[in-house]
Amino acid sequence: MNLDGECIPFRMLGPEISNSDDRGRRERLERARAELVARELNPVILELRRRLRTAVRELGSESAVELYRRFDFPLDELAEQCRAFLAETEQLYESALERLLDLRLDLRLDEVERWDTPRLLRASHWDAAFPVGRMLSGLKTTLAGLGIDLRGQKNVEIDVEPRPSKSPRAFCAPIEIPGRIALVTKPIGGPDDWRALFHEAGHAEHFAHTSAELPFEHRRLGDNAVTEGWAFLFEGLVSSPEWLESLIDRESAKEFCWEGAAQTLYVVRRYCAKLLYELELHVAPDPAEMAPRYQELLRSATLIEPSAADYLRDVDEGFYCTSYLRAWAFEARVRAHLGERFGPRWFESSEAGELLRGLWAEGQRPTADELLQELDGSRLELSVLAAELRETLA
Ligand SMILES: [Zn+2]
């Protein structure tokens, strides 16, 4: 895409907006991005939506919602939890967002626009405390605390090299489970890179420790809330005051954790709204007319109006959003359990590492609900996360 005489690859538009301090430039970039999505991508995704609808009907269901209910996806129960989470955290979110906007962008809530969101979440003032160069050794030290020698793990490959065509979104590619796991990130600088690396490391360690004895479906398929839950548990370390002690002083750690919790609250509320939207999108007589509803639900949850152009693109197939939502409930409970059992510095306990390795070995045979049952008899509840966030944001 050409902007201000500069050619920017489509995939780099997000990072460009995040890294731009100039509000006018952010607006131009975002408007150009939305226009490209509407013109180039949406016709293709709309066609895909229609074909998927036809395929679902051939499988004997009226909609994907009905089909996934038949697969025992707890869509209705989870939607209920999402509504409760949104209501329960509404006030908390509004004041957290106001403070974060003031702190990071010097903007009021009634001024914020969608091109400010990526910049708001970018947290560039923390960059110096999270140097790219120390990221890998930080991960190695953390894993060593849990009794895992990353360097000795022949089945884990880490790729952090910046290549022009590389996707800016970090990912873990389990090529063979557990034989060959690749962890890929493209650092743009700052704590987000650390969070992304730790998130993907959670996936990588889960897959790398999955028992080779399990049948294929229990190693690769199953409940993705499990692998996302392990990923969030590791990502969450980067927002834990005890873990941060080796990087920044206690006062800064407290502030950093507050900001991290505010961001998590934004993301979880966004996903709650995404699920509620998807439940409507999949049963809508004409998906092409759903853009206003997308904007309405997302605006009400995040207090920032999203682009109408993203009403199709902001949907992960197969209700993947439910995996994230259940994973957040899972990690919050697992983290609480680890803290109660091994203390707040559980990540330095080889016993905690042993417990995790035992659970990882089970791959994705048990669901996230079953793993929690096994761990301490608890249930997946988004309200556990709400309580944790309330405490940090107080
Ligand atoms: Zn993930």
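The following legends describe close-up views of a predicted model.

**View 1. Protein donors of the zinc ion.** Three residues supply the donor atoms of the zinc ion: His199 through NE2, His203 through NE2 and Glu228 through OE. These donors lie 2.1 to 2.2 Å from the metal. Histidine 199 and glutamate 228 are both buried.

**View 2. The open sheet of three strands.** The strand order is S3-S5-S4, and the pairing within this open sheet is mixed. Strand S3 (156–159) and strand S4 (171–176) form the edges, each pairing on one side only. From one strand to the next, the twist averages 20 degrees. Strands of a sheet pair through backbone hydrogen bonds, in either a parallel or an antiparallel arrangement.

**View 3. Parallel pairing of S3 with S5.** S3 and strand S5 (residues 180–184) run parallel and are joined by four bridges. Glutamate 157 has alanine 182 of S5 as its bridge partner. Aspartate 159 stands opposite valine 184, which is also a residue of S5. Four of the five residues of S5 are buried, so this strand is largely enclosed by the rest of the structure.

**View 4. Antiparallel pairing of S4 with S5.** Five bridges connect S4 and S5, and the pairing is antiparallel. The two strands, S4 and S5, make up a hairpin, with three residues between them. Glutamate 176 is found opposite arginine 180 of S5.

**View 5. Helix H8 against the sheet.** H8 packs on the sheet and touches S3, S4 and S5. The direction of H8 makes about 175 degrees with that of S5. From its first C-alpha to its last, this helix of 19 residues reaches 27 Å, close to the 27 Å expected at 1.5 Å a residue. H8 is mostly covered, with 16 of its 19 residues buried.

Key. Residues numbered from 1 in each chain as written. Predicted model: local features only at pLDDT ≥ 70, side-chain atom pairs only at ≥ 80, totals over all residues. Heavy atoms only, no water. Donors = N, O, S within 2.8 Å, 3.2 Å for Na, K, Ca; no water. Buried < 20%, exposed > 50% of the residue type's maximum accessible area, 1.4 Å probe, protein only. Pairing = 2+ DSSP bridges. Axes fitted to C-alpha atoms, helices over the stretch in contact; angles between N-to-C directions. Contact = heavy atoms within 4.5 Å. Expected span 1.5 Å × (residues − 1).
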